[in-house]
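Thanks for making the time this morning.

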Protein chains: 2
Amino acid sequence: MAKVDWKPGTMIYPLPAVMVTVGASPEEYNIITISWTGTICSDPPMCYISVRPGRHSFNLLMKNKEFVINLTTKELAFATDWCGVRSGKQHKKFESMGLTPAPALMVNAPIIEEAPVNIECRVTEIIPLGTHHMFMAEVLNVKADEQYIDSKTGVFALDKANPICYSHGQYYTLGKRIGKFGFSVEKKKTRRKREARMRNKDE
Amino acid sequence: MAKVDWKPGTMIYPLPAVMVTVGASPEEYNIITISWTGTICSDPPMCYISVRPGRHSFNLLMKNKEFVINLTTKELAFATDWCGVRSGKQHKKFESMGLTPAPALMVNAPIIEEAPVNIECRVTEIIPLGTHHMFMAEVLNVKADEQYIDSKTGVFALDKANPICYSHGQYYTLGKRIGKFGFSVEKKKTRRKREARMRNKDE
């Protein structure tokens, strides 16, 4: 194994590719696709998005201090990419992509009805870093699509929504499930039971 | 499509699952697996990790203000999970997992030789948020495994390393490639050419 040194760069992958919705009224509604996003605290639940000051959504974020993170799927892949390269200065993105804005519970920014999960956020701090400003935010509510919730167990199966991720310039679906958190220390008997259950489920 | 409201939570997925290395000397070397990580600025290249104060690596981060983000693969999945549930207080994680610490170029924290990409970081700010402290950092150097660099084109193919991600409690490999950034606005001719090239490549 030989390693080469690159110049410093942004090489954390795979990342989410989320559609962030902004705007306090239908005239303002816009969608921006973002991979510079993530969770920064479990409790209180907090996250961030980093946005370039040149983007149309930037001013709306500065003004309204609210946004919704909408998770994306294979079915939404085209819209996800398109909303990342086109600007809300020229386009009504909801209409162009045939997406449906719906009311959030806690913020004025709309949710994307077609997304499996909508994360409603209020900005707590804005940190200018260079090319991007980081918007730190608190999660105020999460909406989830009922069709992915098991009616018996109440378990939400995000994988059934076919989520996508972004890795080094490419979008991918998820592949094989390797194991759940903690699988490396699970007792063998428990693991065997789980695997048998999974096999039965897949059949 | 019906939506249910959940309580606020951490639902941004899929996420990376990286092995973060810390410690200024071999006695200190430790590995902690983290999904609360991401890029926060393109230029200067900056990223973050969020860590609970109870973790063994937390004090080493506070003292040394340096770490390395090591990307993970299917081959490293067991070690990735194990280093996330076991503590450096009880375990020498490099030895237990058969991983090789090697010198970084710009920081004293070690790289994991077996990882395809190592991102060397220096902490610029520490922000207490609640359960987690956020460590913002500047990327000082990136090391990449030569075996994933095309000797003719110089292009680094991270997908050849079989990267993994973490989504709602489960680890996954990447699945099908959907398209590259900008595919939704690519001219048809260019896209057809690329697709033909991909087909030839796959054959």
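This is a predicted model: local features need pLDDT of at least 70, side-chain atom pairs count only at pLDDT 80 or more; totals for chains, interfaces and linings use all residues.

Chain A is built from 4 helices and 13 strands, and its C-alpha atoms occupy a box of roughly 55 × 50 × 35 Å along the principal axes. Of the 203 residues in chain A, 45% count as buried, and if we take the contacts within chain A between residues at least 6 apart in sequence, 61% of them join residues at least 24 apart.

Now to the interface, where 79 residues of chain A are in contact with 79 residues of chain B. On the chain A side, the largest share comes from strand β13, residues 170-180, which supplies 11 residues, and the residues on that side divide into 46 nonpolar, 20 polar and 13 charged.

How do strand β1 of chain A and strand β11 of chain B pair? Residues 3-6 of chain A and residues 133-145 of chain B, which are those two strands, run in the antiparallel sense and pair over 4 bridges, and within this region Val4(A) stands opposite Ala144(B) in β11(B).

Finally, the core: the largest nonpolar core has 120 residues, and those touching the most other members are Val20(A), Val68(A), Val20(B), Cys47(B), Val68(B) and Ile119(B). If we follow Val68(B) and set aside its neighbours within four places in sequence, its contacts include Val20(B), Ala104(B), Pro110(B), Ile119(B) and Cys121(B).

Definitions and conventions. Residues are numbered from 1 along each chain as its sequence is written. Chains are lettered from A and ligands numbered from 1 in the order in which they are written. Two residues are in contact if their C-beta atoms, placed from the backbone, lie within 7 Å. Ala, Val, Leu, Ile, Met, Phe, Trp, Tyr, Cys and Pro count as nonpolar, Asp, Glu, Lys and Arg as charged, and the others, Gly among them, as polar. Two strands pair if DSSP finds at least two bridges between them. A nonpolar core is a set of buried Ala, Val, Leu, Ile, Met, Phe, Trp, Tyr and Cys residues joined through C-beta atoms within 7 Å. A residue is buried if 20 or more other C-beta atoms lie within 10 Å of its own, exposed if 12 or fewer, and partly exposed in between; C-beta atoms are placed from the backbone.
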